[in-house]
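Hi there,

Here is the structure I promised to pass along. Please have a look at it, and then read on for my notes.

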Amino acid sequence: TERGSRAFAKYMANLERITNPTTAAKSREVRKAMAAPRQGYMGCIATKVSPADIRECTNNYDREEYQGISLVPSAALRESAYRKTGNAALVSPAMHISDLPRGLKQYIAEHPEEYEDYMEERKAEVEFLKSAHRNARRAWYRRQERTKFKPENGNQTPKRRRDDDEESVWSATS
């Protein structure tokens with residue numbers, strides 16, 4: 001089936017990407033570069049948690065409710081490590097919303113009225129575009145309905161007014 005062939009093609013592309021020696025080397029480099037930040041992060045968390053909590057977690061690590069939880073925020077830690085070390089291996093390959101310019105949040109905080117005005121302008125533009133789209137769609141449907149109309153006697157023909165593109169005037173021709 002088409003769906004099965006697409007899924008297989010996607011699988012093959014991912015397999016090729018994963019088994020690519022360049023990708024594997026980059027993954028090893030990133031893992032190596034992240035070892036110290038990850039260890040430091042875990043050390044920081046360990047100093048903030050009480051020894052009783054650590055003992056409880058050591059004894060109850062196999063509970064179902066703990067299995068899907070990741071303690072290390074990998075992307076944020078990787079970004080922090082990149083900012084501190086400048087290691088090019090830690091640069092994220094894909095854009096993410098958190099990769100927006102750092103000054104954006106600061107600008108919004110320092111100029112809330114200007115930012116609100118900007119957002120209102122964008123909302124007004126979107127509303128205008130929605131209205132234009134809605135009107136164009138209505139006109140299209142009207143045209144479709146008019147072309148479906150077949151006069152019963154063959155002596156009626158549609159005539160358009162110059163001043164009104166949307167409306168047709170049906171008149172009997174003699």
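Searching the whole of this predicted model turns up 3 aromatic pairs. In one of them, the ring centres of Phe8 and Tyr11 are 6.2 Å apart with the planes at 35°, so this pair is tilted. Both residues belong to helix α1, where they sit 3 residues apart, about one turn of the helix. Phe8 has a relative accessibility of 51% and counts as exposed, while Tyr11 is partly exposed at 47%. The cut-off matters here: Phe8 is classed as exposed because its 51% is over the 50% limit.

Now to the charged side chains. The count of salt bridges comes to 6. Among them:

- Glu79 pairs with Arg83, their closest N and O atoms being 3.7 Å apart. The two are 4 residues apart in helix α4 (residues 74–85), about one turn of the helix. Glu79 is partly exposed at 26% relative accessibility.
- Arg122 meets Glu125 at 2.6 Å, N to O. Both are in helix α6 (residues 112–148), and because they are 3 residues apart, about one helical turn separates them. Arg122 is partly exposed at 26%, as is Glu125 at 41%.
- Glu127 meets Lys130 at 3.8 Å, N to O. These two also lie in helix α6, 3 residues apart, about one turn of the helix. Glu127 has a relative accessible area of 45% and Lys130 one of 46%.

Some of these bridges share partners: Glu121, Arg122 and Glu125 are joined in this way into one network.

How far can you trust the coordinates? The average pLDDT of the protein is 78, and 77% of the residues score at least 70. Over residues 164–174, however, the pLDDT is below 50, although this stretch has 29 contacts in the model beyond near neighbours in sequence. Where pLDDT is low, predicted coordinates should not be read in detail.

Best wishes

Technical notes. Residues numbered from 1 in each chain as written. Predicted model: local features only at pLDDT ≥ 70, side-chain atom pairs only at ≥ 80, totals over all residues. Heavy atoms only, no water. Phe/Tyr/Trp six-rings, centres within 6.5 Å; stacked < 30°, edge-to-face > 60°. Buried < 20%, exposed > 50% of the residue type's maximum accessible area, 1.4 Å probe, protein only. pLDDT = per-residue confidence, 0-100. Contact = heavy atoms within 4.5 Å. Salt bridge = Lys/Arg side-chain N within 4 Å of Asp/Glu carboxyl O.
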